[in-house]
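Subject: Structure for your review

Hello,

Here is the structure I said I would pass on. My notes on it follow below.

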Amino acid sequence: MSVLLTLLAALIASGACAYHRSSLRSWAIATAVATLVVGLIAHAPWTTTILLIVELAIALPLLLVDFRRKQITLPILKIFAKVTPKLSETEQTALEAGTVGFEGELFSGKPDWHELLKQPKPELSVEEQAFMAGPVEELCAMIDDWQITHELADLPPKVWEFIKKNRFFGMIIPKQYGGLQFSALAHSAVLQKLSTASATVSSTVAVPNSLGPAELLLHYGSEEQKNHYLPRLAVGEEIPCFALTGPYAGSDATSIPDVGIVCKQVVDGVETLGIKLTFDKRYITLAPIATVVGLAFRMYDPEHLLGDKEDLGITLALLPRSTPGLEIGRRHFPLNIPFQNGPVRGKEVFAPLSVLIGGPQMAGHGWRMLVECLSVGRAISLPSNATGGMRASALATGAYARMRKQFGLAVARFEGVEEALARIGGLTYATAALSRATAAAVDRGEKPAVPSAIAKYHATEWARQIAADTMDVHGGKAVQLGPKNYAGRGWSAVPIAITVEGANIMTRSLMIFGQGAIRCHPYVLKEMQALSIADRGEQLKTFDRLLFGHIGFGISNAVRSFAMGVSGARLGETAGDAYTRRYYRKLDRYSAALALTADVFMGVLGGKLKFKEKLSARLGDVLSYLYIASSMLKQYEDNGRPEADRPFLAWGFHQCMWLIQNALDGAIRNFPVRPVAWLLRALVFPLGRREVPPSDRLGRRVAALLTAPNEALDRLTDWVYTTPTPNNTIGRMKALLPDVIAAEPVERKFGKAQKSGQFTAHDYLDQLVEAQQAGVISEAEANLLRHVREGVFEFISVDDFDSDELRAFKTRADAS
């Protein structure tokens with residue numbers, strides 16, 4: 001027993017030091033002291049002596065820095081240099097382009113929650129609030145989405161004019177150039193509100209404010225280019241598009257086959273140095289009406305007119321629509337959502353070198369320019385549009401489920417519908433927090449490469465889930481297209497968002513963990529960069545510090561993961577109040593589990609891991625759900641910890657934990673080196689998988705919040721267009737909902753009289769007259785039931801058409 005006690009004391013001391021990430025010196029001293037004290041108390045001199053000798057044999061070589069570097073670190077450095085896959089120039093550029101924010105803390109295994117909570121609350125300025133209440137509200141009131149999607153396949157001229165006049169295309173352009181210079185949060189808010197009125201309008205406004213000429217000019221354009229284009233772009237005098245994707249280069253943008261050859265050509269009698277461009281681009285939003293085309297291509301200088309290098313690399317240019325040979329104007333038709341989108345082509349189109357963004361000195365820097373700007377655009381545009389659609393679905397589906405009755409009950413009372421409503425409410429809360437977090441990161445000056453990929457992927461995927469649930473709850477109402485249908489076009493639009501700006505399969509399997517593992521890890525990228533240090537002494541010194549920091553990091557995460565798994569994440573101090581403290585502790589646990597698992601996977605598989613896309617995707621899911629759960633907690637804190645929001649927070653949080661557990665389990669279960677997988681499972685799930693999805697009881701509370709007016713629902717559906725105008729069915733539904741709820745006890749009283757056979761009439765309105773005459777209900781109650789019956793009938797009705805109304809203006813037969 002004395003031997004076991006002494007050994008146990010040494011292990012506990014070592015574990016405590018690892019858990020708290022003490023220094024190597026502190027670890028050695030604490031372990032030796034614990035061994036000596038407990039050994040003496042337990043009267044185990046031989047055991048104590050042996051343990052102290054073993055501890056000294058381990059600690060001494062590590063504490064003697066010069067010895068450690070030469071005898072331990074140097075051999076490891078040589079092996080590391082051989083096995084570390086060399087990053088391509090494009091991979092290096094992608095890794096260096098963004099910045100690391102709080103997602104780095106989540107990858108640390110020990111997040112500093114005070115870093116998250118001290119970030120300022122994202123809020124709109126007075127000017128931005130006025131824009132939301134003024135021009136954005138006015139624009140929404142002008143929108144007739146049926147006219148846009150079915151009749152015109154375009155925005156009406158008055159809507160185009162209003163957008164331009166009110167500088168919707170200039171939200172990111174500074175005021176010195178005539179733009180609005182809004183924050184990323186305001187940019188997101190505008191897109192969210194517009195998306196609740198029309199996906200076509202929100203997409204149209206999003207593109208000029210996302211990756212495109214304005215963004216690229218702001219960062220890289222010459223002063224002459226900025227002064228010429230930005231004032232025109234701000235007021236819609238110029239309409240921009242950006243041509244990147246082609247038939248042979250989509251997500252793999254570095255494989256662009258489009259070329260520009262440096263050459264000389266006589267233009268207007270003057271020999272001009274320029275580029276001859278051949279390109280074939282597709283899926284280019286705003287291309288059919290664009291007046292200036294941003295173009296990505298690979299630039300070559302075979303005659304060495306610019307220098308010694310022949311292949312200059314990916315380059316970006318701005319081509320006026322009037323450029324001879326530019327083929328533009330035809331349209332694609334993306335799933336019946338008719339935002340302007342089409343191909344851009346050209347063969348041996350000549351343009352002067354002045355069209356290069358930033359001038360000739362920026363030739364070959366296009367990939368870096370794209371990567372640096374893409375993370376900002378991806379963080380705002382698609383997540384915002386998805387979030388707006390989800391907020392609108394939450395409001396509309398909750399109201400409709402309360403109004404629509406089957407078997408004498410509101411369909412919201414059915415448990416199957418309740419389950420769908422719970423998903424809608426919980427996922428909308430989570431996505432709103434995610435969208436808000438990425439916008440806030442941009443406003444803090446970050447270039448959130450990893451969070452933008454997380455936001456794009458999960459916002460659009462969860463929008464697909466909510467669109468499906470919305471369709472299911474509405475049933476036939478959502479299937480029949482027409483002016484009364486506010487759900488069908490959203491269902492059609494979802495796959496578009498999933499496909500563009502990096503297809504979601506690629507985003508999940510390659511980007512999130514592929515970038516996050518290296519960018520967010522506190523040691524991996526630095527270790528790789530250490531290999532490029534020319535001075536051998538400095539290289540060894542740097543690598544030694546990183547290597548043993550990394551080893552300590554791994555041991556700490558193993559101990560933390562195991563300890564928190566055994567304790568159910570109840571150990572230690574953390575952030576939050578009495579309600580949320582348990583949530584922060586769970587995130588601490590899974591942060592350690594992610595860091596440990598990622599380290600083991602990278603250490604064992606090395607460069608092969610990037611080809612194990614399913615494993616990489618699962619680890620990316622863990623990082624994503626940690627980030628989303630953190631965003632929800634930050635949103636809850638920023639809103640003043642409202643008790644009314646707790647069902648939304650709890651549902652979203654427990655769903656994230658359930659998904660984290662499944663992702664970790666799937667990654668470990670499919671790890672090819674089985675003994676390593678068994679050890680990992682023991683450390684990550686020492687008591688098995690204990691997380692469960694949100695309970696039915698919690699789902700019932702979430703569904704109840706969606707089906708009645710309340711402060712939590714108001715916050716959830718912020719930035720939804722709710723003015724009850726003739727073109728806004730959702731706004732009118734919201735306005736009627738309080739009367740629907742007030743009428744429910746009257747309906748029960750009236751229904752009881754119906755079932756008892758008190759009425760001779762068969763028509764509902766005639767029965768109301770009889771009920772009033774018989775004193776069953778009062779005159780006011782009868783009027784309330786008439787009002788609700790009439791209002792609800794509008795919302796449960798569907799459109800029908802004469803056959804000629806559905807015939808396209810021009811058919812193939814007409815065209816031939």
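A residue is called buried here if its relative accessible area is under 20%, exposed if over 50%, and partly exposed in between. By that cut-off tyrosine 579, at 17% relative accessibility, counts as buried. Please keep in mind throughout that this is a predicted model.

Aromatic pairs

Tyrosine 579 has a ring partner in tyrosine 636: the ring centres are 6.4 Å apart and the planes stand at 45°, so the pair is tilted. Tyrosine 579 sits in the loop between α22 (536–567) and α23 (581–605), while tyrosine 636 belongs to helix α24 (residues 613–638), so the pair ties together parts that are 57 residues apart in sequence. Tyrosine 636 is buried as well, with a relative accessible area of 1%.

In total, the structure holds 19 aromatic pairs. Another of them joins phenylalanine 102 and tryptophan 113, with ring centres 5.5 Å apart and planes at 45°, so this pair too is tilted. Here the two residues come from helix α6 (residues 102–106) and helix α7 (residues 113–117) respectively, so the pair ties together parts that are eleven residues apart in sequence. Phenylalanine 102 is buried at 8% relative accessibility, and tryptophan 113 is buried with a relative accessible area of 4%. There is also a cluster, in which ring pairs link Phe131, Phe162, Phe168 and Phe182.

Salt bridges

Side chains of opposite charge can pair when their charged atoms come close. How many salt bridges does a search of the whole structure find? The count is 31.

One of these is formed by the side chains of aspartate 258 and lysine 281, at 2.8 Å from N to O.

Glutamate 744 and arginine 402 form a salt bridge whose closest N and O atoms are 2.7 Å apart. This pair links distant parts of the chain, since glutamate 744 is in helix α29 (residues 729–755) and arginine 402 in helix α15 (residues 366–403), 342 residues apart. Glutamate 744 counts as buried at 15% relative accessibility, and arginine 402 counts as buried at 16%.

Helix α29 also contributes glutamate 747, whose side chain meets that of lysine 405 in a salt bridge (3.5 Å, N to O). Lysine 405 is in strand β8 (residues 405–406), and the two partners are 342 residues apart, so distant parts of the chain are linked here. Are these two partners buried or partly exposed? Lysine 405 is partly exposed, with a relative accessible area of 28%, and glutamate 747 is partly exposed at 24% relative accessibility.

Surface patches

A patch of negative charge on the surface gathers Asp800, Asp802, Asp804 and Glu805. Of its members, aspartate 802 is placed in the loop between α31 (779–796) and α32 (812–815), and its relative accessibility of 46% makes it partly exposed.

There is a nonpolar patch on the surface too, made of Ile29, Val33, Val37 and Ile41, which together have about 370 Å² of accessible area. Valine 37 lies in helix α2 (residues 24–41) and is partly exposed, at a relative accessible area of 42%.

One more residue

Alanine 10 is in helix α1 (residues 2–19). This residue is buried, with a relative accessible area of 7%. Between alanine 10 and threonine 84 there are 36 Å in space, C-alpha to C-alpha, and the two are 74 residues apart in sequence.

Regards

Definitions and conventions. Residues are numbered from 1 along each chain as its sequence is written. This is a predicted model: local features need pLDDT of at least 70, side-chain atom pairs count only at pLDDT 80 or more; totals for chains, interfaces and linings use all residues. Side-chain values use heavy atoms; hydrogens and water are left out. Patches are made of residues with over 30% relative accessible area and no salt bridge: like charges are joined within 9 Å, nonpolar side chains (Val, Leu, Ile, Met, Phe, Trp, Tyr) within 5 Å. Accessible areas come from the Shrake-Rupley method with a 1.4 Å probe; for residues, only the protein chains shown count as cover. A salt bridge is a side-chain nitrogen of Lys or Arg within 4 Å of a carboxyl oxygen of Asp or Glu. Lys and Arg count as positive and Asp and Glu as negative; His and the chain ends are not counted. The place of a charge is taken as NZ of Lys, CZ of Arg, CG of Asp or CD of Glu. Helices (H or I, at least four residues) and strands (E, at least two) are DSSP runs, numbered from the N terminus. Buried means under 20% relative accessible area, exposed over 50%, partly exposed in between (1.4 Å probe, protein chains only). Rings of Phe, Tyr and Trp (its six-membered ring) pair if their centres lie within 6.5 Å; planes under 30 degrees apart count as stacked, over 60 as edge-to-face and the rest as tilted.
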